[in-house]
Amino acid sequence: PFEYTGFIYNESVTTKNNGGNLANININGDESTVVKLYFDRRVFNVDIVTDDGVQNVTGEGEYRYGATFNITVTEKTGYEFVIWTVEGTTPGNFVTTNMNQTGLTMGAGDVTLTIVTQLETYTLTINANGGTYPSSTTITQDYGTTYKLQTPTYRGYTLADWTKSGDGTGSISGDTESGFTFTFGVGDNTLTAVWTENSYTVTFTEVYESFNVVVAGSDGTSK
């Protein structure tokens with residue numbers, strides 16, 4: 001019979017000053033009757049839905065109306081937070097653009113909170129180191145993906161290897177025969193070509209030709 005947002009009426013403990021319950025109240029004419037109404041805070045659920053980019057999350061559970069709670073999220077390596085989506089009664093102080101939430105207050109209804117993450121993207125820069133790279137020298141891809149390097153050219157030199165620099169944790173594998181593959185880690189990297197100077201052998205071959213020698217006599221005749 002009594003409604004109060006976030007609470008439920010508890011008839012079993014509601015009394016008037018001289019005992020009894022509200023089913024049979026006698027109102028004293030001297031205005032001395034006191035009726036005490038008791039309510040219990042309702043309990044509501046906080047459900048948290050995660051995706052592949054979340055390592056761990058705390059804060060899911062049951063809370064009484066008005067209770068304070070926090071949500072803490074730990075991302076997996078290579079992922080970044082995008083946004084929260086809300087279905088149900090939004091808790092007080094909840095900000096959809098904040099990954100971690102503090103000082104939330106439970107609303108008067110269940111809520112499902114879904115966190116959205118995405119793979120981070122990083123940049124690989126190719127330095128042909130005097131040579132020519134046959135494609136774009138700036139490659140941007142998601143964390144954990146791979147890129148097959150093409151073979152640069154440099155007149156008079158042969159590619160021997162690649163060296164990696166930068167703060168990124170990417171890695172390179174392969175060799176000059178099978179080709180090189182770069183795996184994107186966290187952060188940007190630069191690959192610089194390492195060249196070996198070509199050496200050449202020059203062979204000279206002597207060539208002889210036969211010919212006739214004519215000797216003239218003093219009388220002008222050939223001998």
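Student: What makes the pair Gln141 and Thr145 a polar contact?

Tutor: In this predicted model, the side chains of Gln141 and Thr145 are joined at 3.0 Å. A polar contact needs N or O atoms within 3.5 Å, one able to donate a hydrogen and the other to accept it. The value of 3.0 Å falls within that limit, so the pair counts as a polar contact.

Student: Where is Gln141 found?

Tutor: Gln141 is in strand β13, which covers residues 138-142. Strand β13 belongs to an open sheet of four strands, in the order β13-β12-β18-β15 and with mixed pairing.

Student: Why are β13 and β15 called edge strands?

Tutor: Each of them pairs on one side only, and therefore β13 and β15 (157-165) are the edge strands. On average, neighbouring strands of this sheet are turned by 25° against each other, with direction ignored.

Student: How do you know that β15 and β18 pair?

Tutor: Pairing requires at least two bridges between two strands. Strand β15 is joined to β18 (residues 189-197) by eight bridges, so the two strands pair; they run antiparallel. Opposite Thr163 stands Thr192 in β18.

Student: How many helices and strands does the chain have?

Tutor: The chain has zero helices and 18 strands. Of its 223 residues, 26% count as buried, which means that their relative accessible area is under 20%.

Student: What makes a group of residues in this chain a nonpolar core?

Tutor: The members must be buried residues of listed kinds, Val, Ile and Trp included, joined through side-chain atoms within 4.5 Å. The largest such core has 17 residues, and Val46, Ile71 and Trp84 touch the most other members. Two or more residues of this core come from each of β5 (43-49), β8 (68-75), β9 (79-88) and β11 (111-119). Another core lies apart from it, with 16 residues, including Tyr133, Leu159, Trp162 and Phe182.

Student: Which residues is Val46 in contact with, leaving aside neighbours within four places in sequence?

Tutor: They are Gly59, Glu60, Gly61, Tyr63, Phe69, Met106, Val111 and Leu113. Each of these has heavy atoms within 4.5 Å of Val46, and is therefore called a contact.

Notes:
Residues numbered from 1 in each chain as written. Predicted model: local features only at pLDDT ≥ 70, side-chain atom pairs only at ≥ 80, totals over all residues. Heavy atoms only, no water. Buried < 20%, exposed > 50% of the residue type's maximum accessible area, 1.4 Å probe, protein only. Axes fitted to C-alpha atoms, helices over the stretch in contact; angles between N-to-C directions.
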